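Dear colleague,

Please find below the structure that I am handing over to you, with its sequence. My notes on what was found follow directly after it.

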Amino acid sequence: MFDWDSSEEDKELKKIGLELMFLTPEKCTSTDGITAVELAKLVELPVETVKKKLKLLSAAEIIRVKGINPKYWKFDEYKFQRMNEDDPIYRLLCSFDDVDFDRYFDY
């Protein structure tokens with residue numbers, strides 16, 4: 001399916017996955033989702049790193065892509081809820097021990 005070593009927590013993948021999971025329309029310039037460049041700015045990671053992690057999430061079928069140039073990425077809540085609970089990406093994104101939710105929500 002995809003080449004990912006799940007024996008070690010991938011903090012970059014988790015950061016990108018959670019950012020997409022909690023993405024609000026105000027953070028996007030398009031209703032179709034967010035571009036890799038916009039996402040890279042939000043998570044403060046290099047664009048190439050973000051693109052690699054987006055491919056992993058896409059292979060896991062929990063994000064959708066729309067368009068060609070630019071590509072817009074959007075989290076697929078429906079498919080995420082139907083993932084196997086033993087899936088390493090599912091476990092990674094559901095591990096909230098070190099997550100600062102203030103980053104995603106305004107109280």
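In this predicted model, the axes of helix 1 and helix 2 (residues 36-43) come within 10 Å of one another and cross at roughly 110°. Angles of 65 to 115 degrees count as roughly perpendicular, so helix 1 is roughly perpendicular to helix 2. On the side of helix 1, the contact is made by Lys15, Ile16, Glu19 and Leu20, and on the side of helix 2 by Leu39, Leu42 and Val43.

Leaving aside residues up to four places away in sequence, Glu19 touches Lys27, Leu39, Leu42, Val43, Arg103 and Tyr104.

Turning to helix 2, the buried residues there are Ala36, Glu38, Leu39, Ala40 and Val43. The buried residues of helix 2 pack against helix 1, helix 3 (47-59) and strand 2 (72-75). After helix 2 comes Glu44, which has a positive phi, near 55°.

A disulfide is a covalent bond between the sulfur atoms of two cysteines. A search of the whole structure finds 0 disulfides. Cys28 has a relative accessible area of 16% and so counts as buried, the cut-off being under 20%. Cys94, in turn, counts as partly exposed because its relative accessibility is 33%, between the limits of 20% and 50%.

Finally, some values for the chain as a whole. The protein chain has 5 helices and 2 strands, and along the sequence these follow the pattern α-α-α-β-β-α-α. Of its 107 residues, 41% count as buried. Among contacts in the protein chain with a separation of 6 or more, 60% come from residues 24 or more positions apart. The chain exposes about 7000 Å², of which carbon and sulfur atoms supply 48%.

With kind regards

Definitions and conventions. Residues are numbered from 1 along each chain as its sequence is written. This is a predicted model: local features need pLDDT of at least 70, side-chain atom pairs count only at pLDDT 80 or more; totals for chains, interfaces and linings use all residues. Side-chain values use heavy atoms; hydrogens and water are left out. Contact means heavy atoms within 4.5 Å. A disulfide is a pair of cysteine sulfur atoms within 2.5 Å. Buried means under 20% relative accessible area, exposed over 50%, partly exposed in between (1.4 Å probe, protein chains only). Axes are lines fitted to C-alpha atoms, for helices over the stretch in contact, and angles run from 0 to 180 degrees between N-to-C directions. Helices (H or I, at least four residues) and strands (E, at least two) are DSSP runs, numbered from the N terminus. Angles under 35 degrees count as roughly parallel, over 145 as roughly antiparallel, 65 to 115 as roughly perpendicular and the rest as oblique. Accessible areas come from the Shrake-Rupley method with a 1.4 Å probe; for residues, only the protein chains shown count as cover.
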